[in-house]
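Dear colleague,

I am passing on a structure that you have not worked with before, and below it I have set out what was found in it. Please look it over first and then read on.

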Amino acid sequence: MAERDELFFKKKNAYDILPEDEINRAYGYAEEYKTFLDEAKTEREAVRYAVRLAAGRGFVPYEAGMEIRPGMKVYKTVEGKAVMLAVIGEKPLSEGINITAAHVDAPRLDLKQVPLYEDTELAFFKTHYYGGIKKYQWVTIPLSLHGVVVRRDGTAVDVVIGEDESDPVFYITDLLPHLDKDQAKKTLSEAFTGEGLNILVGSRPFGEEKDSDRVKYNVLRLLYDRYGITEEDFLSAELEAVPAGRARDTGLDRSLIGAYGQDDRVCAFAALRALLDIGTPEKTAVCVLTDKEEIGSDGVTGMQSAAFEAFISDLCRAQGVLLHHCFEKSFCLSADVCNAFDPNYADVSEKNNSARLNYGIGVLKFTGSRGKAGSSDASAETVGMLRALFEKHGVRWQMAELGKVDQGGGGTVAKYMANRGIATIDAGVPVLSMHAPWEITSKLDAYHLYKAVFAVYCG
Ligand code: MN
Ligand code: MN
């Protein structure tokens with residue numbers, strides 16, 4: 001007869017299992033990860049960071065017609081906002097490839113194309129939010145501005161304001177509690193509207209008292225002095241307002257990381273870092289850092305773009321392999337965060353099936369909403385393969401689900417990979433307060449995603 005303990009499934013806190021030296025390694029990894037968070041607050045910055053790191057490890061830009069040999073390291077960027085990196089394996093691509101896909105875009109406030117206006121001698125930027133945000137969370141916090149402005153002559157200028165300690169920051173106002181009688185009666189979504197998220201950018205007038213728009217004028221003068229841009233140049237700009245400040249250890253025990261944009265940079269960093277650390281794998285290993293996940297993965301830089309097929313089919317052609325023969329033997333880890341169980345909001349989750357902080361990475365067999373709609377739903381065999389792989393590599397993991405049945409839901413890039421005929425499953429780091437300006441992850445879970453991705457690349 002089997003013992004009681006053999007029959008029961010019991011989840012375990014990774015702190016009760018992992019040896020001290022591995023916990024220390026996880027905390028060391030967190031330091032590197034925090035640097036990435038600080039230097040890569042937007043998709044463009046993340047791609048630039050990835051290319052710089054990869055180039056330092058011998059990766060070269062892929063060029064059409066290139067000869068492909070085992071051990072070769074190549075990458076291809078897409079409009080500077082997505083990047084695909086590959087380490088060519090010993091086996092031909094007809095044996096399939098191992099992919100990890102994570103996204104480097106994050107919820108934020110984009111400036112409108114005609115953003116600057118003055119009202120009552122205060123200057124503001126109009127914004128149009130990007131991705132799923134709870135608007136009330138974005139008022140009264142320091143914001144920084146990141147992005148690119150393409151000037152009339154076609155030259156581009158990079159903008160980062162608000163990250164250096166000596167920089168000014170930006171701000172969205174809220175009503176004082178003394179005067180919020182009407183606001184307090186509204187629902188959250190009525191009280192805080194997208195059109196109302198206007199960023200305060202100045203109050204000091206320039207010019208004669210009789211002139212109009214003197215504060216706006218002064219803001220434009222400062223922008224021209226620093227960046228050589230005029231108001232018209234905003235038409236061809238991508239400027240993103242994000243929370244200002246650096247990633248921080250969180251909690252007295254420093255076990256947690258607090259930062260903006262950990263969905264999904266906690267997975268993107270693992271996907272990149274693990275690829276840089278592998279030798280020549282058996283099967284070709286591919287890391288995809290994609291854009292536009294938060295708004296549906298459409299567009300040239302999103303996971304639905306043909307850019308991915310184009311890159312892999314180029315590699316295939318170099319070995320005389322058909323793309324679909326490669327895809328049908330491939331595997332993709334869709335590395336995206338999941339929600340961590342939050343005891344402050346316990347009633348949105350079902351305890352047995354939700355991910356907990358420090359219990360390892362969350363694996364989601366399915367996502368979607370209203371009866372798994374919109375989910376690619378990985379097969380039992382795929383989950384089984386992953387179980388065995390994680391067992392072999394000592395990866396701490398737990399099964400996860402995005403909240404109670406019919407509580408809400410969501411999706412990832414998994415289905416876009418699965419729709420290509422690639423066996424795909426979601427796995428990622430559990431996050432508290434996902435999509436908030438400041439999100440929380442566990443250092444152990446973040447490190448175990450690195451281990452998980454490493455395992456996927458190496459098989
Ligand atoms: Mn995500
Ligand atoms: Mn998200």
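The accessible surface of the chain comes to about 21,400 Å², and 51% of that surface belongs to carbon and sulfur atoms. Please keep in mind that this is a predicted model.

As for the chain as a whole, 53% of its 459 residues count as buried, and its C-alpha atoms fill a box of roughly 90 × 55 × 40 Å along the principal axes. Twelve helices and 22 strands make up the list of its elements. The radius of gyration is 23 Å, close to the 23 Å that the globule rule gives for 459 residues, so the chain is as compact as a globular protein of that length. Where contacts link residues at least 6 apart in sequence, 76% of them join residues at least 24 apart.

Turning to the sheet, nine strands form an open arrangement with mixed pairing, in the order β1-β2-β3-β13-β4-β14-β20-β16-β18. Because β1 (60-61) and β18 (397-399) each have a single partner strand, they stand at the edges, and one side of each is left without a neighbour in the sheet. Strand β4 (residues 97-103) runs parallel to β14 (residues 331-335), to which four bridges join it, and I99 stands opposite C332 in β14.

Two helices pack on this sheet. Helix α8 (residues 307-318) touches β2, β3, β4 and β13, and its direction makes about 20 degrees with that of β3. Helix α12 (residues 443-458) touches β4, β13, β14, β16 and β20, and its direction makes about 150 degrees with that of β4.

With kind regards

Technical notes
Residues numbered from 1 in each chain as written. Chains lettered and ligands numbered in written order. Predicted model: local features only at pLDDT ≥ 70, side-chain atom pairs only at ≥ 80, totals over all residues. Heavy atoms only, no water. Pairing = 2+ DSSP bridges. Contact = heavy atoms within 4.5 Å. Axes fitted to C-alpha atoms, helices over the stretch in contact; angles between N-to-C directions. Rg over C-alpha atoms; globule rule 2.2 N^0.38 Å. Buried < 20%, exposed > 50% of the residue type's maximum accessible area, 1.4 Å probe, protein only. Areas by Shrake-Rupley, 256 points an atom, 1.4 Å probe, with all protein chains shown as cover.
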